[in-house]
Amino acid sequence: MNGVHDMGGMHGMGPIALEANEPVFHERWEARVYALNRAMGILGKWNIDAGRHSRERIPPADYLRMSYYEKWLAGLVMLLEETGVVSRAELDSGRAAPGSAKGRPPLTADKVAAVVAARGAFDRPVNEPPRFTIGQSVRARKINPTGHTRLPRYARGAVGVVDRIHGAHIFPDSNAHFHGERPQHLYSVRFAARELWGAEAAARDWVYIDLWESYLDPA
Amino acid sequence: MEHDHQELPSDPALRVMALESLLVEKGLVDPAALDALIDAYERKIGPRNGARVVARAWVDIEYKKRLLADATTAIAELGYEGGQGAHMVVVENTPDRHNLVVCTLCSCYPWPVLGLPPVWYKSAPYRSRAVIDPRGVLREFGLEIPEGVEIRVWDSTSEMRYVVLPERPLGTEHMSEEELSALVTRDAMIGTAKATLPGGVP
């Protein structure tokens, strides 16, 4: 979706605010939101792409106003409600619905070390060989899907060169909407800064973007 | 608008407390598990991990080759793996090439080696400008990249996670791997700084 989360190339966001000796979490509630997201993710009711898409669906003005962990809270509430883990009435009242079944925590303290160390994998075997080869020129398609996508707006229509082939990976545009993993070959594509931004960009600079096969055409 | 029920409080701290207590009541959350998870990212998983990877690459050329060829496996050799580190790529800075990592679409970041990202990395100013004006962004970090040096910006749009291998500072030939790792900052591995001797120039 052409949301405000797709920020690459935007102007007017102000200076970068640096903080010396920054803590991992600034407030205890931020730590709780982070941990709640990890713990509820283990329920298996959604996936990482659906998680990203939940935050992308925060209304743009709110997205820009909210702090990072406020967005994680809003996304988590959205997913819990949409997947039926909690009801709107429960969220409003803060209490479990009378007579509702009691669950079992998907994450218990004894499992935390293993969960933290588990890296998971997003590559999947596919039968088809990669359509593109290293060194080949490709054009990022001009597409404007209303759902989740990882093709940033600033690259659409631009021509780059395949720099690496990462193997076939879960396709977020499908997975985020629970339409299956539908793995596709994933490429690192190198774009000249001038191709993306015009003649004022530095002649020697490049932007490398990971792009799935269906985002690309031969150029 | 009229409500016949209690509204959740607007303060995020209270809203999170209410949500956690609801999920505990529903039997879905073990608060001790949250404590342990938070502790892991506050105390164990942070940029010191990545700094050890960099220092090893500086002193061991064979390790460096493995790291650049297959970072996921080479980093796991040192015991670092986990969520947001499934597929790692290490990109090397050289005298004529500087790398910079960003996630323009969200906040993708290599947790097992760098920990959780700082606020600026997740913020609109960095995400918007790193790809269109990397030299201006680096200047805000106090880093002036000469015109003749090529900049490569890595936009983390997939589950591949990128880490910069900074150049080893001059004058560190006598230093041990342990001492070298102390020169490697989080920002040097994102690409918004160089590794330097204390108070020194790269």
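User: At what angle do helix α3 and helix α4 of chain B pack?

Analyst: In this predicted model, α3 (residues 47–59) and α4 (residues 61–69) of chain B pack at about 125°, their axes lying 5 Å apart. Helices are DSSP runs of H or I with at least four residues, and strands are runs of E with at least two; axes are lines fitted to C-alpha atoms, for helices over the stretch in contact, and angles run from 0 to 180 degrees between N-to-C directions. α3(B) is therefore oblique to α4(B) (under 35 degrees is roughly parallel, over 145 roughly antiparallel, 65 to 115 roughly perpendicular, the rest oblique).

User: Which residues make the contact?

Analyst: α3(B) contributes Val53(B), Arg56(B), Ala57(B) and Val59(B), and α4(B) contributes Ile61(B), Tyr63(B), Lys64(B) and Leu67(B), with contact meaning heavy atoms within 4.5 Å.

User: Turning to the sheet, what is the strand order?

Analyst: The open sheet has seven strands in the order β5(A)-β1(A)-β2(A)-β3(A)-β4(A)-β3(B)-β2(B), with mixed pairing; two strands pair if DSSP finds at least two bridges between them. The twist averages 35° from one strand to the next.

User: Which are the edge strands?

Analyst: They are β5 (216–218) of chain A and β2 (97–102) of chain B, each pairing on one side only.

User: How do β1 and β5 of chain A pair?

Analyst: β1(A), residues 137–140, pairs with β5(A) in the antiparallel sense over three bridges. Ala140(A) stands opposite Leu216(A) of β5(A).

User: What conventions apply?

Analyst: Residues are numbered from 1 along each chain as its sequence is written, and chains are lettered from A in the order in which they are written. Local features need pLDDT of at least 70, side-chain atom pairs count only at pLDDT 80 or more, totals for chains, interfaces and linings use all residues, and side-chain values use heavy atoms, leaving out hydrogens and water.
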